Amino acid sequence: MDADCLFCKIVTGDIPAEVVYDGDGVLAFRDVNPQATVHVLVIPKRHVPDVGALGADPEAGTAVLAGIRAVADQLQLPSYRTVLNTGGDSGQTVFHVHAHVLSGRKFGWPPG
Ligand code: 5GP
Ligand code: ZN
């Protein structure tokens with residue numbers, strides 16, 4: 001846990017969130033500023049800052065992938081986009097790795 005990390009505080013319950021899935025080593029909750037009808041963030045419960053660090057932590061990486069699948073199953077998403085921003089230029093603002101799961105509208109490609 002990182003005492004200054006927003007998402008660690010969501011894991012501990014110090015900051016409230018609308019949880020949609022609570023699994024082994026993984027938590028999924030609604031994004032506070034949704035960019036689609038469904039916008040869920042899937043995070044490892046352990047503090048891992050970004051995708052690079054997630055690659056060095058196979059247990060947390062597997063937990064995040066399992067969490068994405070669980071969210072898609074639970075919300076019955078026929079199609080969805082997953083986004084993991086890494087670094088400031090990509091748009092990462094919270095440095096506790098998170099997969100965005102977006103669904104409920106058509107998405108363009110390439111992304112903006
Ligand atoms: P990033 O920009 O790092 O890829 O994504 C961070 C996401 O966290 C943003 O989509 C933002 O809306 C969301 N977010 C920021 N603060 C909070 C919060 O306190 N609660 C929730 N549920 N989402 C948050
Ligand atoms: Zn954290």
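I began with the lining of the largest pocket, to which α1, β2, β3 (38–44), β4 (81–83) and β5 (99–103) each contribute at least two residues. I note at the outset that this is a predicted model.

**Entry 1. The pocket.** I looked up the space in the largest pocket and found about 640 Å³. I then listed its lining, which comprises 31 residues. Those that lie nearest the centre of the largest pocket are Asp 31, Gln 35, His 39, Asn 85 and His 100. Sorting the lining by class, I recorded 15 nonpolar, eleven polar and five charged residues.

**Entry 2. Where the ligand is.** Where does ligand 1 sit? I found ligand 1 in the largest pocket. Two elements give two or more residues to the shell around ligand 1, namely α1 (6–12) and β2 (26–30). Of these, α1 provides the largest share of the shell, with three residues.

**Entry 3. The shell.** I counted 16 residues around ligand 1. Asp 31, Asn 85, Gly 91, Thr 93 and His 100 come nearest to the ligand. Asp 31, Asn 85 and His 100 are also among the residues that lie nearest the centre of the largest pocket.

Entry 4. For Asn 85, an N or O atom of the side chain is 2.9 Å from an oxygen atom of ligand 1. Val 94 takes part through its backbone, where an N or O atom lies 3.1 Å from an oxygen atom of the ligand. I then looked up the area of the ligand: taken alone, ligand 1 exposes 520 Å², and the protein buries 81% of that.

**Entry 5. Backbone geometry.** I turned next to the backbone. Most residues other than glycine have a negative phi, and most peptide bonds are trans. Against that background I noted two sites. Is the peptide bond from Trp 109 to Pro 110 cis or trans? I found this bond to be cis, with omega near 5 degrees. Pro 110 is placed in the segment after β5. At Gln 76, I recorded a positive phi, near 50 degrees, in a residue other than glycine. Gln 76 belongs to the loop between α3 (58–74) and β4.

Terms used: Residues numbered from 1 in each chain as written. Chains lettered and ligands numbered in written order. Predicted model: local features only at pLDDT ≥ 70, side-chain atom pairs only at ≥ 80, totals over all residues. Heavy atoms only, no water. Near = heavy atom within 4 Å. Polar contact = N/O pair within 3.5 Å; in protein donor to acceptor, adjacent residues only side chain to side chain. Areas by Shrake-Rupley, 256 points an atom, 1.4 Å probe, with all protein chains shown as cover. 1 Å grid on protein atoms, 1.4 Å probe; cavity = no way out; pocket = protein on both sides within 12 Å on 5 of 7 lines; lining within 4 Å. Sits in = over half its atoms within 2 Å of the grid points. Helix = DSSP H or I, 4+ residues; strand = E, 2+ residues; numbered from the N terminus. Points joined across faces, edges and corners; volume = space filled by probe spheres on them. Nonpolar A, V, L, I, M, F, W, Y, C, P; charged D, E, K, R; others polar.
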